[in-house]
2 protein chains.
Amino acid sequence: MTVTIRDVARRAGVSQATAARALGGYGHVSGAAARRVLSAADELGYLPNRIARALASGVTWAVGLVIGDIENPFFAAAARGMSDVLEERGHTVLLANSDEDLDRERVAIETLRARRVDALVVVPSSGTASPHLRAAAADSAPLVLLDRPVRGLGVDSVTVDNEVGARSAVEHLISYGHRRIGLVSDAPEIPSSAERIRGYRTALARASVGVDDHLIALGGPTHRDGYLGARRLLEAPDRPTALFTANNMMTVGAMHAVRELGLLIPNDISLVGFDDLEWTTLVDPPLTVVSQPATDLGREAGRRVLARLDGTGGRPRRIRLQTRLIVRGSCGPPAP
Amino acid sequence: MTVTIRDVARRAGVSQATAARALGGYGHVSGAAARRVLSAADELGYLPNRIARALASGVTWAVGLVIGDIENPFFAAAARGMSDVLEERGHTVLLANSDEDLDRERVAIETLRARRVDALVVVPSSGTASPHLRAAAADSAPLVLLDRPVRGLGVDSVTVDNEVGARSAVEHLISYGHRRIGLVSDAPEIPSSAERIRGYRTALARASVGVDDHLIALGGPTHRDGYLGARRLLEAPDRPTALFTANNMMTVGAMHAVRELGLLIPNDISLVGFDDLEWTTLVDPPLTVVSQPATDLGREAGRRVLARLDGTGGRPRRIRLQTRLIVRGSCGPPAP
DNA sequence: GTGAAAGCGCTAACAC
DNA sequence: GTGTTAGCGCTTTCAC
């Protein structure tokens, strides 16, 4: 049925081992033998069986990636960055969505580990070291944390300075004179969100503005959750004069709420979002946002994997990339 | 080092075969033996080796997906839809980006086939049956074409009625009195784009409007390509009074061009886009678009795979889902 | 119901 | 440089 290396060897008139060496490009083979093997393989339409190779060698050339949701442009960019780095070096990435659910995350990690990926990159849904993360960290296949730190795991992580990023956003709002600044975020169990919430609080505290918990809307990770949160804030009797949305999904939801309520940006409400996407300069006014290097984050994670696999990883590193506040037109002084 | 089924068997005091049966949930095992095996596995932290299982059984429980670019929201949605259907049934999806490049597509397909995926879902970059697609079609692992048809392959395909969709967009524009309608698309080698271009031409022909090739801007698949194409059209001496953008990447690019040139929608220029994304209702005016069921497309492809794997696939099916014109505010009569 | 044993297709010593 | 051979960890007959 399918042509194996044995068939190729037979046709080339060499042993299976020689054929394997020629095909695999390892060990020593004479030029003549190699040529015969290669052309035999070509004639037979030989396609190496990576499964068999993986079982025999103990190396799959596959790297697992667990993200929240590939439909979130931030994750898509990170996934792309990582794939680009890894595929160039011959690795395949196996992707799984956790939907920010700890149980789905566990299943995804188990599946990937059962498939014997050479390394695992995960965007953890929780900041506490769950058993499945501990197990993955203890595994011989390296684990790299992407976008979010987890304490006490002792593994590489590639994140962004979320607290500083959020603080810069809120400080920007404060500089316009805002005091009632709403926060729309997903669950605080998500480490990056927790940091952003902290940044929000810190900025307010530094400016001696008290934190009003009614101004904080926490919910799920979808557009709709962001919409619901923003809507609750904006319909409250004493509504905020500005909004900070902690990620791009929240921004989309909040924008819909603002629009639906007939509010004008920045006259009625100022807004700073997290994540810079293409459409943020297409809306009117263009959005002031905290931009984070999503693709680079993924690339860096890919490089960490490569380093670990090369054995040049060194001590666990906590890499932090910087965010950047991009001031555009969605902020102004609070309405009187 | 790693615990194997042998270790579990030994600890449970049964043979390897019995342990495998209990763990794999096949064949006959007594309740008592099964319990002992399961708890032994649990105590040892046994994680089945899917690689070994795949080699022995000939089934990987993996499905390959080749798309253009996961950063394109349309593909992300399709990938998500497919994953949801397949993962629920225990399959893992292996994703690869082709960047609409035939050579990268070939490499991706080869890699996936070498990994012995049980089935392959491909969004083909070209409408002609390339050798690597033929090879994949001839393989024992079923091939399903997603989003784009390819003639003469004799395999399942799940697509959208692109020609009708594009026609409805252009007819809508014509109904407002537009005669000079620009088209911004990516390469016509891409089957779906070819159909949309055909739809554009057909609509014009039916309305007895001559096709002016200077009004057609064809280019690459990125935002920037869309921007460049639109910009060229809009800066021409006799610029179009309306624009049809053939996919969401082109729409983003065109919007940037429109904005940069200080043109007002729909006063200076009308626009109909393809693909309905969240942000299209966030811009002002909200965009009139041809919406296509991206997630459903992926789900349907997943179901086709499942059917083929079950052996209930039947004759190759060409499934076509419908598009829908969503009229919002980006169209008006041509400027005098 | 259970065990022994033969592979799945490849890699990797080890001899020659 | 090349061949022989023993696995990799599991599934799967085939006896018992």
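Tutor: First, a convention: Ala, Val, Leu, Ile, Met, Phe, Trp, Tyr, Cys and Pro count as nonpolar, Asp, Glu, Lys and Arg as charged, and everything else, Gly included, as polar. Keep in mind that this is a predicted model, where local features need pLDDT of at least 70 and side-chain atom pairs pLDDT 80 or more, while totals for chains, interfaces and linings use all residues. Residues are numbered from 1 along each chain as its sequence is written, with chains lettered from A and ligands numbered from 1 in the order in which they are written.

Our part is the surface near DNA strand C, near being a C-beta atom, placed from the backbone, within 6 Å of it. That surface splits into 14 nonpolar, 12 polar and one charged residue. Of the 27 residues there, A:Thr4, A:Ile5, A:Ala56, B:Ala17 and B:His28 come nearest. Helix 2 (16-24) and helix 4 of both chains supply at least two residues each; helices (H or I, at least four residues) and strands (E, at least two) are DSSP runs numbered from the N terminus. Helix 4 of chain A gives the most, five residues.

Now to where the chains meet. Here 34 residues of chain B are in contact with 34 of chain A, contact meaning C-beta atoms, placed from the backbone, within 7 Å. Helix 4 (50-57), helix 5 (73-88), strand 2 (92-97), helix 6 (102-114) and helix 11 (248-260) of chain B each give two or more residues to its side. That side holds 18 nonpolar, seven polar and nine charged residues.

Finally, chain A has an open sheet of six strands, ordered 7-6-8-9-10-12 with mixed pairing; strands pair if DSSP finds at least two bridges between them. Strand 7 (216-219) and strand 12 (324-326) of chain A sit at the edges with a single partner strand each, so one side of each has no neighbour in the sheet. Strand 6 (181-186) and strand 7 of chain A pair in the parallel sense over four bridges, and A:Ser185 has A:Leu218 as its bridge partner. Helix 9 (191-206) of chain A packs on the sheet, touching strands 6, 8 and 9, its direction at about 170° to that of strand 6. Axes are lines fitted to C-alpha atoms, for helices over the stretch in contact, with angles from 0 to 180 degrees between N-to-C directions. Helix 10 (223-235) of chain A also packs on the sheet, touching strands 6, 7 and 8, at about 155° to strand 7.

Terms used
Contact = placed C-beta atoms within 7 Å.
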